[in-house]
Every structure is written in structure tokens, then in C-alpha cells.
Amino acid sequence: LSPADYGRLNLFFMVTSLGSILLGWTQSAVVRFGKEEMLEREGFQKTFSSILFLFLINFSVALALFLAFRGKVINYVGFTHSGFSVVLLFPLYCFFSSANQILLRFFQTDGKFSLYSFLPPLSRVIQIVLLALAFSGAIRGELTSILWIITVAEIAIFPVPVLFYIRRFLPLKLSSSWTKEILLFAAPLFLSSVSGYILNFIDIFIINHFLSKDMVGYYSLYYKLFEYLALIPSLTISITYPIYTTLHLEKKDNLLKQYIERINPVFVFAGSTVLGIVLMFHREILSIFGSQFTANSGTFAILVFVVALRLIGHPVSPVFSTHKLTKQAMYATVIMSIANIILDFLLVPCLGITGAAVATGISFLLATSICISLIKKHTGISVWNGYPQILPALLVLLVAVSVDNLPVRIILSALLLALFYTIAKRDGIFGEDTRYILEKIDMPAPVKSLVLKFFQP
């Protein structure tokens with residue numbers, strides 16, 4: 001795809017993500033209420049029934065809105081025609097991508113992390129196979145065909161969680177009281193999701209307004225890579241969320257506090273180190289997609305560092321949900337969204353797409369600091385100890401954007417990472433008590449083996 005077509009591709013995702021919010025805003029309730037139901041009985045009948053009921057109502061509303069404004073929506077994205085194949089794309093993609101996100105939460109709730117982490121890559125593999133056919137000429141490689149490939153990949157993985165849990169989903173047991181509790185729990189998260197949507201797509205909207213679809217394409221690629229890297233903090237959330245919920249439901253909040261405060265700096269340092277390695281080769285990574293995408297490599301480097309800022313706040317979402325502080329989470333995300341909008345309007349006209357990346361970084365830093373303060377106030381849990389652990393990524397960022405020579409960049413970055421690992425080990429981050437906690441966490445054996453090597457004397 002050309003940068004302009006890639007821009008249109010991401011304008012499609014911007015539009016369909018709004019529908020996905022309307023469909024999937026209750027997904028965070030799956031872990032909270034699914035875990036509670038699972039501790040009482042074997043199945044998920046009540047939770048699944050309530051979530052399904054709300055999902056179908058939300059889909060009906062979203063579909064009606066789309067059909068009413070489909071012409072304007074299709075024209076905004078930039079499709080050259082509005083035939084049936086284009087119109088059908090929008091509701092199909094929204095339905096299956098949102099349903100898959102909700103169903104994956106049941107794997108997370110049930111502690112099936114291997115399946116939870118397997119299905120999204122499986123969808124990507126299906127996409128890659130079909131895209132290879134497109135590049136070979138067996139399938140037309142135009143924008144509409146590529147969007148159909150992405151949608152088919154979502155449809156392909158849908159039956160897996162359904163068949164896996166069908167016996168624990170059925171018979172349906174729709175409980176009005178249980179549904180009401182889910183609504184009360186998830187309602188503030190709907191506004192948080194809208195705020196998160198604004199945060200994710202306001203950059204593209206403003207770049208499209210002030211600049212061009214080419215610039216939308218460049219920034220969209222960088223942001224897409226940013227989202228893939230953001231799976232690093234998301235992985236830590238997936239691993240720790242059920243543990244947090246279980247400890248809280250068992251009224252072991254003192255143990256939960258010790259657990260988070262010990263494990264948080266380890267996760268942040270490990271993630272920051274991985275991101276430092278990515279920063280070493282950020283220009284080379286972009287060159288894979290075409291030499292034209294390296295022209296604004298500094299923008300991508302800034303977004304990589306923003307992932308490190310997200311790492312600091314990785315306990316925020318589980319702690320807020322576990323302690324039913326969803327209203328406080330909503331306030332933080334609303335503030336973050338407002339800050340990002342204001343900064344985008346100020347910085348994009350003068351700094352271009354780099355201004356959008358800087359605005360995103362400042363907004364995340366502001367929101368993370370607010371959330372950490374709220375956690376300390378309401379639960380007594382302190383996660384401020386994560387901040388010093390992003391220094392490796394920060395210093396490697398400075399090296400990455402200022403040093404053109406690859407060997408020199410690698411040497412300087414490697415020395416910085418080694419130095420910070422030595423300091424972290426001296427400060428006791430990799431102590432025996434933390435190793436003991438990590439040994440108790442259920443994660444893939446190769447990953448656990450690699451992590452525990454850092455704790456060797």
C-alpha cells in the first residue's frame with residue numbers, strides 16, 4: 001500500500017473502533033464477574049448471558065447508526081465506491097473483532113493464558129497467509145481486498161473460544177440483578193473507552209485535518225507498531241490481573257500490596273530493556289516497510305518510549321477494576337484525552353506528526369501519574385517505584401535519535417543497558433523474594449526460564 005492508502009486503511013479502523021467501543025465496552029466486566037462466578041460454580045452462564053444480552057443490544061444500535069450515515073462514513077474514509085462489499089465490511093469487522101475481544105477475556109479469567117495469547121497471533125498468521133496470496137496476485141491487492149482479509153481472519157478465530165467454552169456458557173441464565181451489577185460496574189468504563197478512543201485516534205483525525213493522507217499513512221504505521229509494542233505492558237496485565245482479583249476476593253489485600261510493590265519495578269525494568277533494544281534498531285525496523293517510512297524515524301522513536309511510560313502504569317487497570325475504582329479510572333482517562341486534544345491542536349501544526357507523538361507521550365505521563373496517585377490514596381499501594389526503571393529506555397532514546405551510525409548506536413545503547421542492569425541488581429530489584437513471587441506466576445516455560453536468569457547471583 002502507498003502511504004495514502006495506508007492512511008485510508010487506518011481511517012477505516014478509526015471509524016470501526018468507535019463501533020467496537022459501543023459493542024465491547026462491557027468486556028472488562030468479564031474478568032471481575034466471571035472470576036466471582038467461577039469461584040462459586042464451574043460455569044460462566046450468568047456472566048456470559050448478561051454480556052451477550054448487552055452485546056446484541058449494542059450491536060443493534062451501532063448497526064442502525066451506521067446504516068443511517070453510511071454514505072458520509074464511506075466518503076470520509078476515502079473509498080472510491082460504496083458497493084455492497086464495502087458497506088458489509090463495517091458491521092462484520094465490528095461484530096467479530098469486538099466479540100473476539102470479549103471471548104478472549106474468558107480465557108484470561110480462567111487462567112488459560114496459553115490460549116489467551118495464542119489466538120491473536122493465529123489471526124495475524126491467517127492475515128499473513130492471505131496477504132501473501134494478495135501479493136502473489138492470487139487475490140487482488142487493493143485496499144478493499146486487504147480489509148476483507150483482516151475481517152476474514154477475525155471470523156476464522158471466532159469459533160475457537162465459543163467451542164471451547166460452549167458447555168460452560170450454556171444453558172443461558174440471564175439474571176436481571178447480575179446484568180444490573182455488570183452495567184453499574186462497566187458504565188464508567190464506557191466513558192473511559194470513549195476517552196481512550198479519542199486518545200488513540202485524535203492524532204490521526206488532526207493530522208488528516210492539518211496535513212495530508214500521506215502523513216496519516218506515515219503516522220498510522222508508527223502508531224500501529226506502537227500498539228504492537230504496547231502488548232508488552234498488556235501481557236503483564238494479562239498475567240497479573242487474575243492474581244490481583246483472587247487475592248482481593250480472598251481478602252488478602254496486604255499480600256496483594258506486597259506483591260505489586262515487589263513485582264512492579266521488575267516488569268517495568270524488563271520491558272524498558274526490551275524497548276531499549278527496539279530503539280537501537282528503530283530506523284532499520286522502519287526500513288522493512290520501505291525507505292520512505294524512515295524519513296520521520298524520530299517520531300517512531302518517541303512513540304516507542306511512550307510504551308515505557310505505559311509500562312509504569314501496568315498495575316493501574318487491574319487494581320482499579322479489582323477494587324471497583326472504575327469511576328476514578330474514568331476521570332483519569334478523560335483528563336488524558338482532553339490534554340491530548342489540546343496538545344495535538346498546539347503541536348501538530350508546528351511540529352507535524354512529531355508533535356502528535358509528543359502530545360501522546362505527555363498525555364500518558366500525566367494520566368499515569370494521576371492514576372498512581374489515586375491508587376495510593378484509595379488502596380495504600382505504591383507503584384511510584386516504576387519511574388526510575390524507565391531511565392534505560394529514555395537514555396537509549398536520546399542515543400537513537402542523535403546517532404546515525406548503527407555500530408556506534410549499538411555499542412552506546414548496550415553499555416547503557418548493561419549499566420542500568422548492574423545498578424538495578426545492586427538496588428535489590430532482582431532479589432530472592434521477587435524471584436519467589438515470579439516462580440509462582442503461571443507463564444510459558446521458556447519465558448519464565450528467561451526471566452529467572454536475570455535473578456542469578
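**A tour of the aromatic rings**

Start by selecting phenylalanine 79, a buried residue with a relative accessible area of 11%. The model is predicted. Across the whole structure, a search finds 28 aromatic pairs. One of them joins phenylalanine 79 and phenylalanine 90 edge-to-face, with 6.1 Å from centre to centre and 75° between the planes. Phenylalanine 79 lies in the loop between α3 (45-77) and α4 (84-109), while phenylalanine 90 belongs to helix α4, so this pair ties together parts 11 residues apart in sequence.

Now select phenylalanine 210 and phenylalanine 345. These two rings form an edge-to-face pair, 6.0 Å centre to centre with 85° between the planes. Phenylalanine 210 is in helix α8 (residues 176-210) and phenylalanine 345 in helix α15 (residues 326-351); the pair links distant parts of the chain, 135 residues apart.

Are these two residues buried or partly exposed? Phenylalanine 210 is partly exposed at 36% relative accessibility, and phenylalanine 345 is partly exposed with a relative accessible area of 42%.

For the next stop, select Phe44, Phe48, Phe106, Phe107, Phe164, Tyr165 and Phe169 together: they make up one aromatic cluster.

Finish with charges placed over rings. Select arginine 32 and phenylalanine 33: the charged end of arginine 32 sits over the ring of phenylalanine 33, 5.7 Å from its centre. Then select lysine 224 with phenylalanine 13, where the lysine lies over the face of the ring at 5.0 Å from the ring centre.

Notes: Residues are numbered from 1 along each chain as its sequence is written. This is a predicted model: local features need pLDDT of at least 70, side-chain atom pairs count only at pLDDT 80 or more; totals for chains, interfaces and linings use all residues. Side-chain values use heavy atoms; hydrogens and water are left out. Rings of Phe, Tyr and Trp (its six-membered ring) pair if their centres lie within 6.5 Å; planes under 30 degrees apart count as stacked, over 60 as edge-to-face and the rest as tilted. Helices (H or I, at least four residues) and strands (E, at least two) are DSSP runs, numbered from the N terminus. Buried means under 20% relative accessible area, exposed over 50%, partly exposed in between (1.4 Å probe, protein chains only). A charge sits over a ring if NZ of Lys or CZ of Arg is within 6 Å of the ring centre and within 35 degrees of the ring normal.
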